[in-house]
Amino acid sequence: MVMPTERRKSSTLTVESLTKVFGNHTAVDEISFQTIPGEITAFLGPSGCGKTTTLRIIAGLESPTSGSVYIDGEQVNDVPAHRRDIGLVFQDYALFPHMTVRQNIEFGLKIKGLNQQEIQERLEKSLTQVNLAGKEDRYPQQLSGGEQQRVAVARTLVTQPRVLLFDEPLSNLDAKLRESTRLELHNLQRKLGITSIYVTHDQIEAFAIADKIMLMNKGKIDQFGTPEEIYASPRTAFAADFIGTSNILETTVRSVNQGICTLALKNGQMITGFAVGKASEVSPGDHLLVMIRTQKIRMTNTKPERGQVNILPGKCLYKVFLGDSTRCLLDAEGIRLTADCESECVTNVREGDVYVSFDVSAVVPVGRG
Amino acid sequence: MGALTTRRAGALLLSPLLVCYAVAFIAPIVLLFITSFVVGRGYYQPGTSLTTEHYVHVFTDSFYQKVLLNTLAMGVYTTCLTLLLGYPLAYHHARASSKTKGLLTILVISPMFVSLVVRGYAWSIMLSDHGVVNNLLMWFGIINEPVRLLNTMKAVVVGMVNVMLPFMVLPISSAVESINPHIEESAYVLGAGKLYTFFKVIFPLSLPGVIAGTVMTFAITMSSFVMPALLGGPGFQVFGTIIYNRILLISNWPVGAAMAFILVAIVVLVMYFQERLLSVLTKRRRLT
């Protein structure tokens, strides 16, 4: 009897000062990072930020201009794609249209030279895993988009790759299917514990599926961390702007005192924030960019209680009811702010003169102006 | 009503062309077809009696059998060689950057800018006993005496490959171009080397282009006249040259006509099988 193939230990993927130049355009610029075995790392960023190029270099489909890729400590720069032992799921699935589902899934196994019995076992197991049993004799064109996507995943998983790469695997599915498929993918990856890279431009998708997020901008790593870290303390204005919805304000430091800094807005109004992160090494007169999440801003008709800081008089220009929340466009004496308030709290707030307030902790320094 | 007017206008616009076609193309062919059944050597006149003896003659006479075999061999060799030489070129053409592709396209179709006759004479100089090819082979010591190339099938096939290459390269290139590059890359990442990927993925997916190119090459080569006449001469005769000889030189219209229709039948048969093969291939892939 053939022993059921045990999945080996999860692999570590390391990338060291990876650079890729196309002509006079630097697509990937000195990128270095390391994944933790078994985790999903999402490459998140706008289109053209270099995330797909980085993925293609890891896959061996593109060679780096300089820098190295290591899998389990072994440098794989000169290992061609077909010997790297990795898996790749494309956005357009790229199934072999002239082969049935079975032939598509068996493709990688036959190359590995497995015996017929093991091929059969792995085929059946993977068909059950992705819920495609009974459809093995269909051609890709006879399947729905979601089913084709699952064949692409199964075809990759059966080969038991060391690292699994996803290039926007859900963006061709409709919104509802995308969410359920994302959950399935997440569960499957958790169960198998294969170190994975997930390229996406959709922050919600990245947050939902990834253990770590590598936020990229213009070929460079903008921030690398857990989704919570990146959401709560974005380190740059780009990160603050790209992740979630936020207001980015230009300020000038007036004073720094016992961990509290007082900042002047462009209209002369003062706000107060904690002197953490980028604000911990500023001195009066410095310019500082701060971020305030739209959900952290409150809007009231009456002035909030005495003693509270960060209260700005302003106008509510208009309100958009979105269900649970209401989006309010505010003008605080020349400074435009967007606020997402709980609908219940602002139903009675009229458009017109209002007070805008937020906590000291809501002011997150994200960069030097 | 609008649609009807458009359709009528369309028919009206087409009618001059249809008349030209009927008078200049279909009528002569019908006449030639009847001529192939005429008794004796003249062409059809009302009242002459008809026979199938010319067809029987072409198929049973050993001279004509030899010519038929020559023609088929020329078609098969030319098609195979053109495919072998044309496929790599087509693949590079399909996957080239748009700048290189423009240049390659011009290079591929450039032979068509030069008249067939000029190319035929050029090759006859190159391939003669003391021509460039023989001299080069002797220079390198590959042969000691000139090899007879002119007036053999070798010369004709060389000439025909030169003529047919664009007809092979362009359809294959467009078939390869329509293959999603991610499919090829998926194969690599799944562990397939270049050769395995080519034979299991690229080539099968480019088959529609390959079939179109080979059938076109075969059909045009089978009915070619200029290259066999200039490079094959009396030593290598094919249907094209014999039909010309029978009709224009010795005025044996019925035999020439019968040979012409046998040639048409062969080509039509090949095209029919191509159609069947293509429909099987596409049915397998695009069933909904």
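Visitor: Which residues form a nonpolar patch on the surface, with about 770 Å² of accessible area together?

Guide: The patch is on chain B: Leu14(B), Leu17(B), Leu18(B), Tyr21(B), Phe25(B), Ile26(B), Ile29(B) and Val30(B). Patches take residues with over 30% relative accessible area and no salt bridge, joining like charges within 9 Å and nonpolar side chains (Val, Leu, Ile, Met, Phe, Trp, Tyr) within 5 Å. Areas are Shrake-Rupley values with a 1.4 Å probe; for residues, only the protein chains shown count as cover. This is a predicted model: local features need pLDDT of at least 70 and side-chain atom pairs 80 or more, while totals for chains, interfaces and linings use all residues. Residues are numbered from 1 along each chain as written, chains are lettered from A and ligands numbered from 1 in written order, and side-chain values use heavy atoms, without hydrogens and water.

Visitor: Where is Ile29(B) found?

Guide: Ile29(B) is in helix α1 (residues 2-35) of chain B. Helices (H or I, at least four residues) and strands (E, at least two) are DSSP runs numbered from the N terminus. Ile29(B) is partly exposed, with a relative accessible area of 37%. The classes are buried under 20%, exposed over 50%, and partly exposed in between (1.4 Å probe, protein chains only).

Visitor: How many helices and strands does chain B have?

Guide: Chain B has twelve helices and zero strands. Its C-alpha atoms fill a box of roughly 80 × 75 × 35 Å along the principal axes. Of the 288 residues in chain B, 40% are buried. The accessible surface of chain B is about 16,000 Å², and carbon and sulfur atoms account for 73% of that.

Visitor: At what angle do α3 and α4 of chain B cross?

Guide: Two packed helices are described by the angle and the distance between their axes. Here α3 (residues 62-95) and α4 (residues 98-109) of chain B cross at roughly 145 degrees, their axes coming within 8 Å. Axes are lines fitted to C-alpha atoms, for helices over the stretch in contact, with angles from 0 to 180 degrees between N-to-C directions. From α3(B) come Leu89(B), His92(B), His93(B) and Ala94(B); from α4(B) come Lys101(B), Leu104(B), Thr105(B) and Val108(B). Contact means heavy atoms within 4.5 Å.

Visitor: Which residues of α11 in chain B are buried?

Guide: In α11 (residues 239-249), the buried residues are Phe239(B), Gly240(B), Thr241(B), Ile242(B), Ile243(B), Arg246(B) and Ile247(B). Ser251(B) follows α11(B) and has a positive phi, near 50 degrees.

Visitor: How far apart in helix α3 of chain A are Arg122(A) and Glu118(A)?

Guide: They are four residues apart in α3 (residues 116-129), so about one helical turn separates them. Arg122(A) is buried at 11% relative accessible area, and Glu118(A) is buried at 12%.

Visitor: Which residue forms a salt bridge with Glu147(A)?

Guide: Lys135(A) does, with the closest N and O atoms 2.3 Å apart. Glu147(A) lies in helix α4 (residues 145-157) of chain A and Lys135(A) in the loop between α3 and α4, so the pair ties together parts twelve residues apart in sequence. Glu147(A) is buried at 11% relative accessibility; Lys135(A) is partly exposed at 23%.

How values were computed:
A salt bridge is a side-chain nitrogen of Lys or Arg within 4 Å of a carboxyl oxygen of Asp or Glu.
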